[in-house]
Structure formats: C-alpha cells, structure tokens
Amino acid sequence: MMPAPAPSPPVRTALRVALQTLGCRSNKYDTAVIRGELMARGYEVVSTEQPHDVLILNSCTVTHDADRVARQRLRAARRRAPTCTLLLTGCYAELGGDALREAVGADLLVSNQEKPTLVDRLDHFFGFTPLPAPPGPMLPDPGEHTRFFFKIQDGCNVRCAFCIIPDARGSARSLPPEQVVGQVREAVARGFQEVILSGIHLGAYGRDLPGAPGLAGLLRRILTETDLPRLRLGSVEPWGVRPDLLALLREDPRFLPSLHLPLQSGCDRTLRAMKRPMGAQTYRQLIDRVLEACPNLTLWLDVIAGFPGETSQDFDQCVDFVEALPFARLHVFPYSPRRGTPAASLPAPVPPAIIRARVTRLLSLSAERWQQTLQARIGHDAHILVESGGRGHTRDNLPVQLVGTQLETLRGQIVPVALTELVGEQLRGALLV
Ligand code: SF4
C-alpha cells in the first residue's frame, strides 16, 4: 500500500489577511506599508468585511477610550471567527507584553519598534520559509488612497504631561533625506500627485541624523529633486515651524497652503500644567507670521478640554483665545487620563459632565467656523486632486465632491473646478473644461 501523501505545507496565498487601523496618520501609514509587504510576500489582503484568517489591528493608546476600542475590535473579531489569528500591533501593543496579549485575547503582539519585522513574525507563526527582504525600503501600497501619506519621522522627546506617545513610540527618529527623496521620486513615478509628510513630531525631523538636516531642508530637496506637483505637511507641533519653513511656504506654490498646528489650550496656566513648550502669545505670534508668509493658508488646531485643574475661567480664556484665531476647524479632544503620564496623577480632575459641556462648546465653535470657511469659497474656482468617488481636496485641503458622470476616470488627476454650493460639510464642484 502506498503511504498517504504528506499534508501539503500551508501557502501564503491561502491566507486571507485583513487590516484595521485606529488612531493617527502615522498608524495609517504603517498599515499601508504592512499591507504592501503582505502583498509582496504573497498573502491575500482582504477587507474586514470579507472572510479572513488573520486580523492585524494597528492600535492607538492616546486615551483609555482608544484602548477600549482596540479590545472591543479584537473581541468582536474573535466572536465572528473563533479560529482567526489575531495580531495586535501599534501603540497599545507597545505598553503590554504577554499579560496584555492574554488579556486582549490576541495570538501575537508586535510592538511599534518591531513593526518592520511584522510580516516575518507572521511567516514564522505559520511556519513559512522566510523570504529575502525586498531591496531598499518599501513604498506603501496606495490601497484606497490617491494621496501618498508618507511617515518620515517617529517618536518624540518632548513629554507633554498628557501624552503617552514618548513611551509608546520611543525617542524621535527620522528617515534619512536620501531615502525620503528616493521614495517620493518612486511615488511620482507610480502616479501619485500629492505626498503628505507625517510624523509624530514632524518639526523634530532630522535632529537625530548626521548634520541635523531640518524639515525645511528636506522639503527643499523634495521640491528641487523631484517633479512632485503637491507636497503637504501633516500635523506639526508649532515650535517646529521655523522661519526657513515659512520662507518655503512663501516661495514655492507646490508646498501646499494648509497647516495643522496643535494648540491644546489657549490659557497659559493650562499650557504650563500640560508642560507644552509654547505659550499662547508665542503661538498667536507664530500664526501671524504664518499668515504673513502665506495669506491664503488654511489652519487646523487641536484643543484638549478638561485638563486637570482647568477652571471655568481658564476654559473661558481658552475659548476667547481660540475664537480670535483665524482657524478653519478644530480637532477637539475630551481629556482622559492615561496611565503612566504625569497628568494622570494631577489633582483637581474636571468632572466628566463639565468636560462634555466644554467639548460641546468647542465643537460648536468649530462647526460654525468650518461652515464659514467653506461658504466663503462658493463662487470661486479651485484645483482639486480627484480621489475615489469623485471626492477631492483643494490645494488648501478643503473637501470637494465633484458632480457629473464617469468621475472614476478622473481619479488621480488634478482638475480645475468651479465651487458651486455647500452640501453638509462638503463643497460641490463642477468640472471646468
Ligand atoms: S510633542 Fe507632546 S503631544 Fe506631541 S507627541 Fe510629543 S509629547 Fe506627545
């Protein structure tokens, strides 16, 4: 009798991997890189709505809520597919170890530092023979994106009192300029028209590298050494906006006029308690200099409501300060204590109901300003980069929905539009021919 054939070894293509991302742009970028590497190695990447054998959850830990959401996602995935392999990575995974892995029911835990070897670890888990690493750094798979979100910096050395990021992501590290320029060139060759540079503390870019090339120096190199039509910055801590960056904003129209500059509070007492390196008046002066360099720039801010010890006078002062700033929209965060941060043990916590009321007040200020910003564009023309479904963004990052047919054929192109009306929180644009 012939011996029974040995069971065939598992193959990567038989494994369907879904990815989910929580949190910031840095995480989105990391997920895109992981997705690209999974595909390059032969894994089948599917959406979370499709049946899958592996779920990779790229988590955030900026608040307790973020941790809770990560646990919920893993529990829900386990309920849906009891045999699915669950891999937790990202900032929440960073804080854990085996105890966390067991507590959240994950099969594998991969820290932020270990992300570059995440696919190796998956290979090892399933007993696949490791494949040689692809030459050079991997360009992330664009996935659904038309704009290339490119993380060039990770980690932070600042240690604001509320923030766990320096522990979760380590000290500031930057990708060397040659590598950044090379990847941007490759992105352009693949048809990307816009690159959005991101980082945890983008303004600290290059300080850890030989010769300490700064952010502006890097941008200048990208703009002179590549044909990229649109270059945008993600969130930059305000003290990272130096005169050389403003000069570039003034000089080169390919450096797009939108900035996201976290403020966190407009009250100096609260800013000091938060251990932010910049006070309110210095922030205001910076905004004046930014708008002097680029009067049409659109500005986004982050504000935290209900930091411990924030009195109602402090909050009123914050609202008055914010109201006087020429911003387009606020990102409002209700303060929630993060274990391991100095703020978590501060006295005088603000009651949750008061935090909610402060958030509501800031959100209504933001909604009103957003409507005014968008309304002011009606009747004007703009150039938008068309994304999926005919959506797009103007040069100053305002969302536009194109009207018309066969919009998918325009995807990836920069087109002129007439901004005709405002529907909800989006401008409508008609193609100009
Ligand atoms: S600058 Fe402050 S808020 Fe930003 S990542 Fe560093 S510690 Fe966190």
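Which residues does alanine 382 touch, not counting residues up to four places away in sequence? Alanine 382 touches Thr394, Val415, Pro416, Val417 and Leu419, where contact means heavy atoms within 4.5 Å. The model is predicted: local features need pLDDT of at least 70, side-chain atom pairs count only at pLDDT 80 or more, and totals for chains, interfaces and linings use all residues. Residues are numbered from 1 along each chain as its sequence is written, and side-chain values use heavy atoms, with hydrogens and water left out.

Alanine 382 lies in strand β13 (residues 381–386). Helices (H or I, at least four residues) and strands (E, at least two) are DSSP runs, numbered from the N terminus. The relative accessibility of alanine 382 is 13%, so this residue counts as buried. Buried means under 20% relative accessible area, with exposed over 50% and partly exposed in between (1.4 Å probe, protein chains only). Alanine 418 is 36 residues from alanine 382 along the chain, yet their C-alpha atoms are separated by 6.5 Å.

Helix α11 has 14 residues and should span 20 Å at 1.5 Å a residue. Its end C-alpha atoms are 20 Å apart, which agrees. The expected span is 1.5 Å times one less than the number of residues. Ala280, Tyr283, Leu286, Ile287, Val290 and Ala293 of α11 are buried. They cover an arc of only 140° around the axis, which puts them on the same side of α11. The arc is that of the directions from the helix axis to the C-beta atoms. An α-helix has 3.6 residues a turn, so residues three or four places apart point the same way. The buried residues of α11 pack against α9 (243–251), β10 (258–260), α10, β11 and α12.

Helix α12 (residues 312–323) has 12 residues. It reaches 16 Å from its first C-alpha to its last, close to the 16 Å expected at 1.5 Å a residue. Buried in α12 are Asp314, Phe315, Cys318, Val319, Phe321 and Val322. Seen down the axis, the buried residues of α12 fall within an arc of 165°, so they line one face of the helix. Their packing partners are α10 (268–273), α11 (280–293), β11 (298–305), β12 (329–334) and α13 (352–375).

The axes of helix α7 (residues 177–189) and helix α8 (residues 215–225) come within 10 Å and cross at roughly 35°. Axes are lines fitted to C-alpha atoms, for helices over the stretch in contact, and angles run from 0 to 180 degrees between N-to-C directions. Pro177, Glu178, Val180, Val181, Val184 and Arg185 of α7 meet Leu218, Arg221, Ile222 and Glu225 of α8.
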